[in-house]
Amino acid sequence: MNLGTSKLYKINIIFFISIIVIFTSCTKKINIDYTKTIEPLKEDTNSSINIFDNKKQEIVIREETPKKIENKIIKQKVIPLDIKEISTVTPKEVAIENKDEKVITTKESTELDIKNLDQFKFDFIKKGKQDNNTFLIVAGIQGDEPGGFMAASLFSTHYKVTKGSVWVIPNLNFYSIIKRSRGPYGDMNRKFANLSKDDPEYEIIQRIKSYIKSPEVTLILNLHDGSGYYRPKYIDKNHQPRKWGQCSVIDQKVLSGVKKYSNTYDISEEVVKHLNKNLLKKEHIYRTKNTHTRFQKTYEETEMAKTLTYYAVKQGKSAFGHETSKDLTVEQRVYYKLLAIEKYMNIMGIEYERNFPLTVEGIKKALNDDINIKFDDTDIKMPLKDIRNIQKYFPVHKDGVIKYLPSNPLIKIIKVKNEYIIYYGNRRLTKLQADYKEHLNFDIKVDFIIDKEDKKVKFGDTIKVKKTFLVKENPKFRVNVIGYKSKSGIETDKEISKNMFLKQYSIEKNGNIYRIEFYKDNKFAGMILVEFI
């Protein structure tokens, strides 16, 4: 291009720009209510994860009241959601799992290793009758927030949905829960925008996304525990806008294009009002926290754009976060979360029954009393309430794998060398010190005399004894009553009372439950528990 041509080209550009400016100035302005739009951030699952260093990044939080923040934000340009991009296909996994009405399935012991991450898949639990107004409850995305996963677990085992549909995922990041970590492989709640397929948690994220996108789901609640107490204005270091405890979190006031429950602010305020009517202390007061995620101008807004709830919003779903303060006890956190869950169900027209009183004491009892584990190869149902820290010489199959059915989705067995640790959420309940044996399968009843009365007892059962019991001699089996010592070495045809046991061999701390093991030669044949009442 020569010099003359270049000058002419520049003049033409200036001319056209001037025409565009004049035309824009003369055009009537169009008023758009940006509080009713959401920004469609297209997902690129092949891009690498963006990890922020919290020490280097400063979180900028506005300290104005929510109303002032809202008035300031709506002046910014926002791109509306293209509702056509929303998936309307039911994921295959959802369709398959919906056929299974079991709350919890049989599990296997595993080692705590990244190579076994597939052994830490989260549970998907259906409640009620499936419909197109399904409430999805998610908890355990961060393992150091027990209020969330304990509440969701309790809901899955102690509530009955009598009308409507509820899906529960109580242990989304089960590995993180066991590790008592916010995220051993990075914060999972920052992996919903961009994530590399090489990320160890990639498959977990894709699976939860499939449930979120399911057309049955209309409202999603993600349960968290947060630091301190959220307040719109600064009061002190523990009561201020930077804190997350005691708030209902929304990404924006109104969601355009969302068919159901689009008025997220109004719904949140309704839930907050219900919570505040039932406070345990005045300090626990709840407020709605609007993170204004769609603008992504501050560090906090950018971070919120990577979360599960904002991903749900992008899929055209109404989504909320619920935060309870980490200053509260676990039972108090669960109390507030269940209050919120029940209010959301009320708003959605979902009806339910609860089999415990919604009080701190009622919750504590339900969390700790109704837990047990059933071992698949022995049929033994072992109570876990007040269980001793160690169970010595516990018969484990020689292949080193324990198959078990937990009463609660947060119960997990982790193998460490020759010990098997039973976890309940992030709590260690007991260790099974393995005595590796070949296991035989016997569907048989053996003869007992229980409190002077003849009884036939099946392997795997628990017998209730008031005063004494006696195991009758059986030529097929050798009997070992754990914790009882006979001078002759023979433990059959002996009348045994509670005071004849060494208490340290009992299963639980009160010294009421003991093991009776049966062997054929040196092979484990079965077990029966005796409980003194």
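Predicted model: local features only at pLDDT ≥ 70, side-chain atom pairs only at ≥ 80, totals over all residues.
Which are the buried residues of helix 6?

1. The buried set in helix 6 consists of Tyr 202, Ile 204, Ile 205, Arg 207, Ile 208, Lys 209, Ser 210, Tyr 211 and Ile 212. That makes 9 of its 12 residues, and the helix is mostly covered. You will notice that Arg 207 and Lys 209 are on the list along with the isoleucines.

2. The largest nonpolar core has 78 residues, and the members touching the most others are Phe 135, Phe 155, Leu 338 and Phe 375. Helix 10 (residues 330-348) is the biggest contributor to this core, giving 10 residues.

3. Leu 338 deserves a look in your viewer. Setting aside neighbours within four places in sequence, its contacts are Ala 151, Leu 154, Phe 155, Tyr 159, Phe 356, Leu 358 and Ile 363.

4. Finally, the whole protein. The fold contains 11 helices and 28 strands, and 52% of the 533 residues are buried. Of the contacts with a separation of 6 or more, 72% join residues 24 or more positions apart. The exposed surface comes to about 26400 Å², with carbon and sulfur atoms supplying 50% of it.

How values were computed: Residues numbered from 1 in each chain as written. Heavy atoms only, no water. Core = buried A, V, L, I, M, F, W, Y, C linked by side-chain atoms within 4.5 Å. Buried < 20%, exposed > 50% of the residue type's maximum accessible area, 1.4 Å probe, protein only. Helix = DSSP H or I, 4+ residues; strand = E, 2+ residues; numbered from the N terminus. Contact = heavy atoms within 4.5 Å. Areas by Shrake-Rupley, 256 points an atom, 1.4 Å probe, with all protein chains shown as cover.
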